[in-house]
2 protein chains.
Amino acid sequence: MQLKIRLLILFIGWFGIVSAQEIRSPNGELKLAFGLDASGTPTYQLSYKNQTVIQSSRLGFDLKNDTLDLIQGFRVVDSEESSHDETWQPVWGEESLIRDHHQELLVHLEHLGSKRKMDIRFRLFDSGLGFRYEFPVQENMGHFVITEELTHFAMSGDHTAFWIPGDYDTQEYDYIESKLSEIRGLMETAITPNASQTPFSETGVQTALMMKSESGLYINIHEAALIDYPAMHLELDDERMVFVSHLTPDSQGDKGYLVTPAQSPWRSVIVSDDAREILASRITYNLNEPSKIEDTSWIKPMKYVGVWWEMITGQSTWSYTDELKAVKLGVTDFSKVKPNGKHGATTENVKKYIDFAAEHGFDGVLVEGWNIGWEDWFGNSKDYVFDFLTPYPDFDLEGIATYAKEKGVQMIMHHETSSSVRNYERHLDDAYQLMKKYGYPAVKSGYVGDIIPRGEYHYSQWLVNHYQYAIEKAAEYQIMVNAHEAVRPTGVARTWPNLIANESARGTEYQAFGGSNANHVTILPFTRQIGGPMDYTPGIFEMDVFNGSHVNSTLANQLALYVTMYSPLQMAADYPENYMRFPDAFQFIKDVALDWENSLYLEAEPGYYLTIARKAKGTGEWFVGNVNGFEGRTGEVKFDFLDEGKTYLAEIYADQMDAHYKSNPQAFEIRKVSVDSKSVLKQYSAPGGGYAIRIREVSKEELKGVKKLK
Amino acid sequence: MQLKIRLLILFIGWFGIVSAQEIRSPNGELKLAFGLDASGTPTYQLSYKNQTVIQSSRLGFDLKNDTLDLIQGFRVVDSEESSHDETWQPVWGEESLIRDHHQELLVHLEHLGSKRKMDIRFRLFDSGLGFRYEFPVQENMGHFVITEELTHFAMSGDHTAFWIPGDYDTQEYDYIESKLSEIRGLMETAITPNASQTPFSETGVQTALMMKSESGLYINIHEAALIDYPAMHLELDDERMVFVSHLTPDSQGDKGYLVTPAQSPWRSVIVSDDAREILASRITYNLNEPSKIEDTSWIKPMKYVGVWWEMITGQSTWSYTDELKAVKLGVTDFSKVKPNGKHGATTENVKKYIDFAAEHGFDGVLVEGWNIGWEDWFGNSKDYVFDFLTPYPDFDLEGIATYAKEKGVQMIMHHETSSSVRNYERHLDDAYQLMKKYGYPAVKSGYVGDIIPRGEYHYSQWLVNHYQYAIEKAAEYQIMVNAHEAVRPTGVARTWPNLIANESARGTEYQAFGGSNANHVTILPFTRQIGGPMDYTPGIFEMDVFNGSHVNSTLANQLALYVTMYSPLQMAADYPENYMRFPDAFQFIKDVALDWENSLYLEAEPGYYLTIARKAKGTGEWFVGNVNGFEGRTGEVKFDFLDEGKTYLAEIYADQMDAHYKSNPQAFEIRKVSVDSKSVLKQYSAPGGGYAIRIREVSKEELKGVKKLK
């Protein structure tokens, strides 16, 4: 029955194709076919090593107040095919050089009824496909409003997917592993509570969506270069196993307002029969424009600590007082209210973190709750909620800046917007200027709660435009941005490398809000991180936190995250005291690099395990990280990436055999061994565990007494 | 039947009052009674010379997500009565000194169910009542959302009203004169088309609402100090003749988001048995806060000409080219498109206006259509529609600035926002800085078309907040603002005197869009101008304009508007060539003052006639203006305001006996007579006509041969 339906679609969808064109990826393994069906509807089809990845799927747009739309009745005016092969250098990244090698097919379409022009540009890489719609300047279409984008992704079967609920306002869900056909039944339980959330369908899911077919194909659907356009979700027709693009609407239910020349973001399909190749793909960045920042010398990866986890876990507060039912900026006089005695961002406490950062070689200190307004910032739909300028009376802005500078530490600014984006934009210039005045090189911004203007969603065109505005304006001030709760990244950091990280997914904070799945971090690199680095804020050593929540991770797993969760911005999130309880484990966090010459994906199975080796820029040291899912597992890793003939010291931070993310998370062991390019590591990782390794050349003296890896 | 209902309301509404308090105006003629009815609902009642003006009317709020609301169940905790008498000096205005003399009653209420505090502050002047709600800082209410304000204004009869349809997006309607009971039947025809409009009810009308009772009482309802709150409309219960406040909603249907300490705008009721006293009342300004601008030396009234009427009438265009279906700022290259040959804002044409201004003593030149984006600015809901920075290739920003400076003329900037307010706010700083760089002291801003963020309305809290933001930011740059299509003014110019004018009503432009009622200008001072000056852009000499529309006004009426339509910003709107056709009449526009020591309202009947005498600041010259309604009329004016014993030269610009706004509008005559304080002028004004007089002391020689006024 299932098969019959599929064949029927194939018949209608492909055998009815009137005209068709085909391109192949550089290595010939991927094949993209474009065509028009009998009704003049554009369609495409993708195969990999002769297996169907995307069955014939339609392309087009439903437009507002438009009887003609851009759905059918097209003709192919012309098409162009071209080859591209270039290598470019990212400002920071998993590798120091990225190759962009693809075959391009540009199809010029004309809509017969309206004479409107729409181009579709396909780029076929060895690791997958990117395509987008382009609307050139033309006589018959200047402005148009998208009711819905009609891009289909017809799957070839009932794949296994790692998915989170489609939602206009949050990405902070735990992933569900299920068959596509099971999504509908699991949706209700998948929608866990959030500060702002708008799920929209029983079968709607978010990108990047990671799938695996029965035949072992790994398929990943996402988008690239999301600029001034709503974010795309995927709505599943679970009878036919077809994903249909579902754009985030504005407050009026419209999807996007476009002005020619215009283009959609790229829709990407990464595919391989080896999960590691999904991680190695650079499609997302390659589909983005080169850097628009000329002088990027001020953009520098940072390792940081911060006044944050103590608030997240409930030990201290962002707010200064418990006395105020409401704060009115410019009216409320904080010098006259009684402090609650639990405020985290006090000068004294901040200096403690600065001292700690200086002592242990961290680049920066983040401080949240430094500015007035935290007493009523959440849940009140408060327009003028923060000014991003005025510190609480117990936070000495100038004194702290001076102290940090003396200690050689940089302060990281915090701008929680409470999703009141007009208010944020009004204050952006002054806020960035304040940062420059006091020497803050980077800002962490937050968008917690429902959006103001009310009725807008976190991922609508309005907000996507705003996040981009904040990034570009920050670039004017040479400020790096780390935006939390902003739209999931789509590789825009290539073009604006000052977008140094995002959270934009379920981060470590949820470990203090009841916990995340123990295999969460084995999935994120296949989903959220397809778009760019994540400020996951790892490094929790004490799993039973102040408020009673439990962190579902072993300590060794936490160390591994510094390698597996790529980010040029890496936090050591736990309290300094907790690091001092485990100085030996803490050493890894201090040692681990932030920026990489090369990255190798040694083992990978989404939801189950992941092992990555990375070579640090500059030092040439290697770091290996392994994270593991719910079940204990012994992996095997070859060190053949090491230079032949050399001997290295490897420091291995691993789970003990009885470690477990729930019951025994701190059971780790550290061993030093010597390794060379012929070494093979068999290493056990506990449930929710993992391991981290530092590998480097040392003097012969240092290797004395160190045993060879067996 | 009508009477019975009214008595019933009176019975329920007032005789059920449990506790009551009363104050009287300084002269004792007005009486305000406040009370709680049996259900604990606050009520008020207003009388004038023992006639009921407002019958017992309820006060309160319906709150969102709140079962207790602020409707009934109040108790009076305390009340305070006080007297105030002070005189203050406006920066500009109809008088050089304004007296604020009132009796105040402040009632502290507590809501029994919720223990929430709400104060109501009444101020009773000799000319009327102001009252507002205040929400002090308190334990039980920090943030609240208004579903509706429940302020009632119960009329004592089926008054005659001069009304325009209640509308969330436009004020640009012709006024209808009708009985209250006729509003419902006339609403459909009253709603004439507009670029953006959202009427909301069959009996909804706007403030300032002017009424006249059968017994001859003039009653005006408006609001004062509209700050961060939605604009109020009045919805009529036309069975009971009760007006109920109807606030402008946001895109979600909510009315206002408030944070304590908070207050509503003042609700004002001006009342007199003499229509002239309505115009003489200074309640609106007195209910606003004193100036927040310390150094106001840069705020100066301006008389100006501009490149504007030629676009309004269709003779030239705002846009530069007809080639573009859409403009994409930053992408579209205007140096490569073909000009349409009709662009108004060319360097050459602007210089012509500068020359004209310099020659005839005008302070400024406004230029619209100078900046790129006019090709697709309207009707496309275009977010990034203007940058307010980039001139068209044929507008030499720097050259024009230099030329104007040489000629001693100041340029007036134009910022049409196309109602895309986020875009405007993003560019405000740069745009104001550009103005400072090129020496523009004032900006005319426009809000044509539907609001972006989409779903918001021109008069919602979001937009009211925006207009205020633009004013306050302009003050930082010492820039004067003349905002068209912004919310109707409510006296905020007292607090921010750089808000030098608004249009915010049906201005002269409508005379080129098919015409306005010939009596329109006899009503505006009683309605729109209760809130502040109007940039009505008068001075049209050629009534049959380029596009075939006819200006429903005589030439003499146009001259009178410089006196009757008070504004510190006055345009001479017609083409220079038309002024050169009538240099004698044009002389009045050149002579008339802009700023006044004193204003006297000599004759007044809304909809019919209006005669105002004003004494110029500095020179001591007097100017008299009379505007007339549909029917010809001979008025009588005593010159007893002149200094006794002195003889003055009066230049009278009046309609000829056969003048008519439709058929013979340019039939005017100028006569010079001598007058003194005993003179009485009997002067005919044609249908849609009027007259204008300049009165001044001159040398005896100049008076030689001048006849005495008979």
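Predicted model: local features only at pLDDT ≥ 70, side-chain atom pairs only at ≥ 80, totals over all residues.
Accessible areas here come from the Shrake-Rupley method with a 1.4 Å probe.

**Entry 1: chain A overall**

I looked up the surface first: chain A has about 24400 Å² of accessible surface, and carbon and sulfur atoms hold 47% of it. Of its 710 residues, 67% count as buried. For secondary structure I found 14 helices and 37 strands in chain A. Its radius of gyration is 26 Å, close to the 27 Å that the globule rule gives for 710 residues, so chain A is as compact as a globular protein of that length. The C-alpha trace spans about 70 × 70 × 50 Å along the principal axes. I also checked contacts in chain A with a separation of 6 or more: 71% of them join residues 24 or more positions apart. On charge, I noted 67 positive and 99 negative side chains in chain A, with the centres of the two sets 3 Å apart.

**Entry 2: A:Val481**

I then picked a residue in strand 26 (residues 480–483) of chain A, namely A:Val481. Its relative accessible area is 4%, so it falls under the 20% cut-off and is buried. Beyond four places in sequence, its contacts include A:Tyr432, A:Val443, A:Ile471, A:Leu499 and A:Ile500. A:Pro441 is 40 residues away along the chain, yet the C-alpha atoms of A:Val481 and A:Pro441 are separated by 9.0 Å.

Which side chain does B:Lys255 meet in a polar contact? I found the side chain of B:Glu148, at 2.5 Å. B:Lys255 sits in the loop between strand 18 (242–247) and strand 19 (256–259) of chain B, and it is buried at a relative accessible area of 7%. Leaving aside neighbours within four places in sequence, I listed its contacts, among them B:Ile146, B:Pro230, B:His246 and B:Gln461.

B:Asp100 belongs to strand 7 (residues 98–111) of chain B and is buried too, at 4% relative accessibility. Its side chain makes a polar contact with the side chain of B:His102 at 2.7 Å. Not counting residues up to four places away, B:Asp100 touches B:His84, B:Asp85, B:Glu86, B:Trp88, B:Phe125 and B:Asn286. I also noted B:Thr87, 13 residues apart from B:Asp100 along the chain, with 5.8 Å between the C-alpha atoms.

**Entry 3: helix 7 of chain B and what follows**

Helix 7 covers residues 397–406 of chain B, and its buried residues include B:Leu397, B:Ile400 and B:Tyr403. Their cover includes helix 6 (347–360), strand 24 (410–416) and helix 8 (421–438) of chain B. Just after helix 7, B:Gly408 takes a positive phi of about 70 degrees. In the loop between strand 24 and helix 8 I came to B:Ser419, which has a positive phi of about 65 degrees although it is not a glycine. B:Ser419 is buried, with a relative accessible area of 0%.

**Entry 4: other backbone notes**

B:Lys49 is another non-glycine with a positive phi, about 45 degrees. This lysine is in the loop between strand 3 (42–48) and strand 4 (51–58) of chain B, and B:Lys49 is partly exposed at 37% relative accessible area.

Last, I looked at cis peptide bonds. In chain A, the bond from A:Thr260 to A:Pro261 is cis, with omega near -5 degrees. In chain B, a cis bond joins B:Thr260 and B:Pro261, with omega about 0 degrees. A:Pro261 lies in the loop between strand 19 (256–259) and strand 20 (262–263) of chain A, and B:Pro261 in the loop between strand 19 and strand 20 (262–263) of chain B.

Methods:
Residues numbered from 1 in each chain as written. Chains lettered and ligands numbered in written order. Heavy atoms only, no water. Helix = DSSP H or I, 4+ residues; strand = E, 2+ residues; numbered from the N terminus. Buried < 20%, exposed > 50% of the residue type's maximum accessible area, 1.4 Å probe, protein only. Polar contact = N/O pair within 3.5 Å; in protein donor to acceptor, adjacent residues only side chain to side chain. Contact = heavy atoms within 4.5 Å. Rg over C-alpha atoms; globule rule 2.2 N^0.38 Å. Lys, Arg positive; Asp, Glu negative; His and termini not counted. Charge placed at Lys NZ, Arg CZ, Asp CG, Glu CD.
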